[in-house]
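Please keep the structure in view while reading.

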Amino acid sequence: MSALAVTCLIESAAVDHSKRFIPEEFTPLYYTPSYRVLTEEQRLRYNQLQALYFNEQIIFFETAVGRPVLEVLTREGLPRELTTGLRQFLEEEQQHTEMFWRLNQQCAPQFYDIGFFYFIRPPRAWMAVLRRATRHPRLFPMFFWLMFLQEERSLFYSRRAIAQRDQLEPHFVKMHRTHLADEVGHVGWDEELIEVLWRRANPSLRKVNVELLAWMLGEFFSTPKRAQLRVIRELAREFPALSKLEPEIECQLLALSGDDGYQRALYSREMVPRAFARFDELPEFRSLELIGYRRQPEGAR
């Protein structure tokens, strides 16, 4: 079923708010002591709010990084077969954005009737820098790795959601089935871009881009920060009894930046085996500092 078909299906049936939207282990608060204090009703609602934010993350990544990078690359004179694939990639990303947004609208029209984002509010200055950088993917080929990592991780997340389909809301399971089917191809195209453009880039440029990649992952994709705190504040707004606990919950959430269990739930060889295997192969990744990644000795590969 295509993403467009799933979007139509989403709009034709009511969302079941009695079920979790995503597996519990995909939610950061699950890794804190505070989670054990929440009532079942509060845990359920937190799970649903976190799932809405999770969908926002995918939309943000696809609209702010994936789409502008692909639009440039389709005009870059790459091999014809790869360019054709990238055009399909771009079209499917646009469909995914629509699918995730429509599902968020169906779940929480009060949050999403006027736009894609409720929890994510990136600073304007940072967005201006990002827009400029994505127009020059040959200068910033780290975007190929970022796309590769995020989309291979999406494969893992979708498979885990499908495995727990009996416990999860049916619309979200359908969404993950569709996303999984398309992301397999996207990961393949990401690897082609790495072969065609990254490997041919200047070694010094590659080294600088590895450092930029590590910074970006740490700043926006690893540590719970601004948007995650807004999820907690929304939960406390809906459950006023949590207001006294809110500061402690937020402190525990921020402390996850140093929690190995939570960090391994974001990136690991189980989740992104192909990306980590490529890190192992390339000398510029020897100094990569990413929780969950440890370079394997040559004999163990």
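Is Tyr112 buried or exposed? In this predicted model, Tyr112 has a relative accessibility of 0% and therefore counts as buried, given that the cut-off for burial lies under 20%. Its aromatic partner Phe111 is likewise assigned to the buried class, with a relative accessible area of 6%, and the two rings form an edge-to-face pair, with 6.0 Å from centre to centre and 75° between the planes.

**Aromatic pairs**

Across the whole structure, a search finds 24 aromatic pairs, and two of them are set out in the table.

| Pair | Geometry | Centre to centre | Angle between planes |
|---|---|---|---|
| Phe111 and Tyr112 | edge-to-face | 6.0 Å | 75° |
| Trp145 and Phe279 | tilted | 5.3 Å | 45° |

Trp145 belongs to helix H7 (residues 142-163) and Phe279 to helix H13 (residues 273-281), so this pair ties together parts of the chain that are 134 residues apart in sequence. Both Trp145 and Phe279 are buried, and they are members of one aromatic cluster that also contains Phe148, Trp198, Phe276 and Phe285.

**Helix H13 and its cover**

The buried residues of H13 are Ala275, Phe276, Arg278, Phe279 and Asp280, a list in which Phe276 and Phe279 are also members of the aromatic cluster. What covers the buried residues of H13 includes H7, H8 and helix H9 (203-222).

**Packing of H3 against H8**

Two packed helices are described by the angle between their axes and the distance between the axes. For helix H3 (residues 40-73) and helix H8 (residues 170-198), the angle is about 35° and the axes are 13 Å apart, while the crossing of H3 and H8 is left-handed. On the H3 side the contact is made by Ala51, Phe54, Asn55, Ile58, Glu62 and Leu73, and on the H8 side by Phe172, Met175, His176, His179, Leu193 and Leu197. By residue class, the contact of H3 with H8 comprises eight nonpolar residues, three polar ones and one charged one.

Ile162 lies in helix H7 and, at 12% relative accessibility, counts as buried. When its neighbours within four places in sequence are left aside, Ile162 is in contact with His176, Arg177 and Leu180; of these, His176 also takes part in the contact of H3 with H8. Ile162 and Leu180 are separated by 18 residues in sequence and by 9.6 Å in space, taken from C-alpha to C-alpha.

Ser34 lies in helix H2 (residues 34-37) and is also classed as buried, at 8% relative accessibility. Not counting residues up to four places away in sequence, Ser34 touches Glu248, Ile249 and Gln252. With Met175, by contrast, Ser34 has a C-alpha to C-alpha separation of 30 Å, the two being 141 residues apart in sequence.

**Cysteines**

How many disulfides does a search of the whole structure find? The search finds zero. Cys107 is counted as buried, at 9% relative accessibility, whereas Cys251 is partly exposed, with a relative accessible area of 48%.

Terms used. Residues are numbered from 1 along each chain as its sequence is written. This is a predicted model: local features need pLDDT of at least 70, side-chain atom pairs count only at pLDDT 80 or more; totals for chains, interfaces and linings use all residues. Side-chain values use heavy atoms; hydrogens and water are left out. Axes are lines fitted to C-alpha atoms, for helices over the stretch in contact, and angles run from 0 to 180 degrees between N-to-C directions. Helices (H or I, at least four residues) and strands (E, at least two) are DSSP runs, numbered from the N terminus. A crossing is left-handed if the near helix is turned anticlockwise from the far one by less than a right angle, and right-handed if clockwise. Contact means heavy atoms within 4.5 Å. Ala, Val, Leu, Ile, Met, Phe, Trp, Tyr, Cys and Pro count as nonpolar, Asp, Glu, Lys and Arg as charged, and the others, Gly among them, as polar. A disulfide is a pair of cysteine sulfur atoms within 2.5 Å. Buried means under 20% relative accessible area, exposed over 50%, partly exposed in between (1.4 Å probe, protein chains only). Rings of Phe, Tyr and Trp (its six-membered ring) pair if their centres lie within 6.5 Å; planes under 30 degrees apart count as stacked, over 60 as edge-to-face and the rest as tilted.
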